[in-house]
Amino acid sequence: MPKILTPGQIEAYRKDGYVAPIRVISTERAAAIRQRIEEFERSHGAPLSATIRKRPHLLFTCLNELMREERILDAVEDLYGENLLVWSSDLFIKEPADPAYVSWHQDSTYWGLSSPDVVTAWVAISESDKSNGALEVVPGTHLKDQLPHRDTFAEDNMLSRGQEVAVEVDPNSSVMLELEPGEMSLHHVRLVHGSAPNGSKTQRRIGCAIRYIPTYVRQLDRQNPASLVRGDDTFRSFEHEPIPTRDMDPKCVSLHDKTIKMWDVAAAT
Ligand SMILES: O=C(O)CCC(=O)C(=O)O
């Protein structure tokens with residue numbers, strides 16, 4: 001019996017490559033996470049750096065708790081079983097009137113994983129809608145296998161290589177995943193997705209993308225740690241990450257630094 005997704009949602013994920021929206025935390029909790037991020041930014045006098053936005057679950061306790069949230073894990077378990085790791089996470093923040101965008105791409109392109117059984121839970125920390133550049137997906141493209149990509153390194157592209165699918169994407173075939181704070185979408189690692197710039201003059205858009213894998217998935221091209229968040233890991237292909245006991249916990253910060261350096265050499269978001 002599925003724990004949280006309906007049979008129809010599981011079927012939709014298999015057929016279309018995504019499910020949305022799913023409420024996973026309250027609006028109040030999403031607001032508290034946002035407040036913590038913005039408090040940190042105020043105390044440092046600058047928006048979160050690109051480095052801190054990668055694997056932020058190692059740096060902020062509220063994000064480590066978020067990735068262990070029962071409702072998210074129940075939904076991921078409905079798709080990939082009860083033994084789950086968080087392979088990575090990313091904060092995607094678009095400032096008001098920010099030209100930053102995300103080109104059409106498949107996440108699987110540079111991730112170096114042994115299987116496409118990988119799902120992203122994209123959790124809205126702020127509202128995410130047409131006005132501020134919500135995530136868009138092209139249904140069914142996860143069934144196309146790995147598509148060729150080209151690296152553009154375009155200035156405003158939020159992906160580290162500016163990678164984009166090297167095939168035409170019909171914008172009329174895409175679906176926008178508008179979310180309220182505390183709702184999530186789930187998307188398959190091969191689903192073509194992207195997002196437009198934030199056209200709003202006042203609304204910041206903040207999303208936390210959490211990448212889940214079942215424990216049988218292996219890393220093929222580097223030694224990347226991961227966090228065991230549900231069940232057992234009898235495969236032990238990944239070193240297990242510690243849980244931060246406070247924000248910027250030194251042991252997690254040093255693991256974060258080490259992993260980001262390795263990541264920058266080997267791959268791209
Ligand atoms: O937040 C966005 O607009 C893009 C997110 C994305 O590319 C991802 O979660 O893989």
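**Around the ligand**

Reply: Strand 11 gives the most to the shell around the ligand, three residues; strands here are DSSP runs of E with at least two residues, helices are runs of H or I with at least four, and both are numbered from the N terminus. This is a predicted model, where local features need pLDDT of at least 70 and side-chain atom pairs count only at pLDDT 80 or more, while totals for chains, interfaces and linings use all residues. Residues are numbered from 1 along each chain as its sequence is written, and side-chain values use heavy atoms, with hydrogens and water left out.

Me: Good to know. Which residues are around the ligand?

Reply: You'll find Phe92, Val102, His105, Asp107, Trp122 and Leu135 there, along with His187, His193, Ser195, Arg205, Ala209 and Arg211. Each has a heavy atom within 4 Å of the ligand.

Me: How does that shell divide into nonpolar, polar and charged?

Reply: Five are nonpolar, four polar and three charged. Here Ala, Val, Leu, Ile, Met, Phe, Trp, Tyr, Cys and Pro count as nonpolar, Asp, Glu, Lys and Arg as charged, and the others, Gly among them, as polar.

Me: What polar side-chain atoms lie by an oxygen atom of the ligand?

Reply: Histidine 105 has one 3.4 Å from a ligand oxygen. For aspartate 107, a side-chain N or O atom is 3.0 Å from an oxygen of the ligand. With histidine 193, the distance from a side-chain N or O to a ligand oxygen is 2.9 Å. The cut-off for such a pair of N or O atoms is 3.5 Å.

Me: And how much of the ligand's accessible area does the protein cover?

Reply: It covers 100% of the 290 Å² that the ligand has on its own, by the Shrake-Rupley method with a 1.4 Å probe.

Me: Where does the ligand sit?

Reply: The ligand sits in the largest cavity, with more than half of its atoms within 2 Å of the cavity's grid points. Strand 3 (102-105), strand 10 (193-195) and strand 11 (205-214) are the elements that give two or more residues to the ligand's shell.

**Cavities and the pocket**

Me: What is the volume of the largest cavity?

Reply: About 100 Å³, where a volume is the space filled by probe spheres set on grid points joined across faces, edges and corners. On a 1 Å grid over the protein atoms alone, a 1.4 Å probe fits in a cavity but cannot get out, whereas a pocket is an open set with protein on both sides within 12 Å along at least five of seven lines; lining residues have an atom within 4 Å of a point. The structure holds two cavities of 30 Å³ or more.

Me: Which residues line the largest cavity?

Reply: Among them are Phe92, Leu159, His187 and Arg211. Strand 3, strand 10 and strand 11 each give two or more residues to this lining.

Me: What about the largest pocket?

Reply: The largest pocket has a volume of about 240 Å³. It is lined by 13 residues, with Ala50, Arg53, Lys54, Leu91 and Met158 nearest its centre. Strand 2 supplies the largest share of the lining, four residues.

**Backbone**

Me: Switching topic: which peptide bond is cis?

Reply: The one from alanine 20 to proline 21, with omega near -10°. Proline 21 is in strand 1 (residues 18-23).

Note on methods: Polar contact = N/O pair within 3.5 Å; in protein donor to acceptor, adjacent residues only side chain to side chain.
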